[in-house]
Amino acid sequence: MPVSLRTEAYYRTIAAEALERIGVTDPPVPVEALVASLGIPVRPVNLPAFFTAATVYEDGLPVMVVNWAQPEQVRRAALAHMVGHVLLVLKGDGNSYPRNTGDHREADLVARELLLPTQMLIDQARLWFNDYRYLARLFGVGEDEMLARMQDMGLIKGPQGLAWDF
């Protein structure tokens, strides 16, 4: 069976459809509401710092186990990543949970778009004059992550994020 190549636009569309289904229009994206909309329970646990999250099966159905001892940003990113895997499986393109593989690139792309939706980020950057520090708090991500995302999108140019174009 031939493997089709997918662009980042494909993964953005998967995330956008999921966000549209739950009516997300403003940041921060309610990742737990997204998980709930899929009918997947989240089990908060307190475990050692090396554990962040995992999707396990309970009676044949997925359950997301999340270490609540982790900071909120880490928990949100982990949930978004796991939702990315679920959305890819539900898309029915031959994706499966990568239990024995180290390749999570596709789920990472969907998760990035879930946490920092492209159009929403562009709109908010315009409102808040590309203040990536404020936008990081608004979207519930780290400042470094926000700055990197805005630079990738071309919203901020330069090493310090001091120059931008509108």
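In which sense do β2 and β3 pair, and over how many bridges? The close-ups below take up this pairing and then turn to the helices. The model is predicted.

**View 1. Strands β2 and β3 pair in the antiparallel sense over 6 bridges.** Strand β2 spans residues 53–58. Strand β3 spans residues 61–67. Together β2 and β3 form a hairpin, with 2 residues between them. Asp59 sits in the turn and has a positive phi of about 55°. Glu58 has Leu61 in β3 as its bridge partner.

**View 2. Strand β3 also pairs with β1, here in the parallel sense.** Strand β1 covers residues 42–45, and its pairing with β3 runs over 4 bridges. Val42 stands opposite Met64 in β3. Strand β3 is mostly covered. Of its 7 residues, 5 are buried.

**View 3. Helix α7 has its buried residues on one face.** The helix runs over residues 143–153. Its buried residues are Met146, Leu147, Arg149 and Met150. Seen down the axis of α7, they fall within an arc of 165°, so they line one face of the helix. Asp144 and Asp152 are exposed on the other side of α7. The buried residues pack against three partners: α4 (105–115), α5 (118–127) and α6 (132–139). Gly154 follows α7, and its phi is positive, near 80°.

**View 4. Ala80 is a buried residue of helix α3.** The helix spans residues 72–91. Ala80 counts as buried because its relative accessibility is 0%, and the cut-off for buried is under 20%. Leaving aside neighbours within four places in sequence, Ala80 is in contact with Val31, Ala111, Leu114 and Leu115. Ala80 and Val29 are 51 residues apart along the chain. Their C-alpha atoms are separated by 9.8 Å.

**View 5. Ala16 of helix α1 is partly exposed.** Helix α1 covers residues 8–21. The relative accessible area of Ala16 is 41%. Along the chain, Ala16 and Val110 are 94 residues apart. The separation between their C-alpha atoms is 9.2 Å.

**View 6. Mean pLDDT among the elements is lowest in strand β2 and highest in α6.** The value for β2 is 91. For α6 it is 97. The protein has a mean pLDDT of 89. A pLDDT of 70 or more is reached by 87% of its residues. Where pLDDT is low, the predicted coordinates should not be read in detail.

Key:
Residues are numbered from 1 along each chain as its sequence is written. This is a predicted model: local features need pLDDT of at least 70, side-chain atom pairs count only at pLDDT 80 or more; totals for chains, interfaces and linings use all residues. Side-chain values use heavy atoms; hydrogens and water are left out. Buried means under 20% relative accessible area, exposed over 50%, partly exposed in between (1.4 Å probe, protein chains only). The arc is that of the directions from the helix axis to the C-beta atoms. Contact means heavy atoms within 4.5 Å. pLDDT is the predictor's confidence in each residue, from 0 to 100. Two strands pair if DSSP finds at least two bridges between them.
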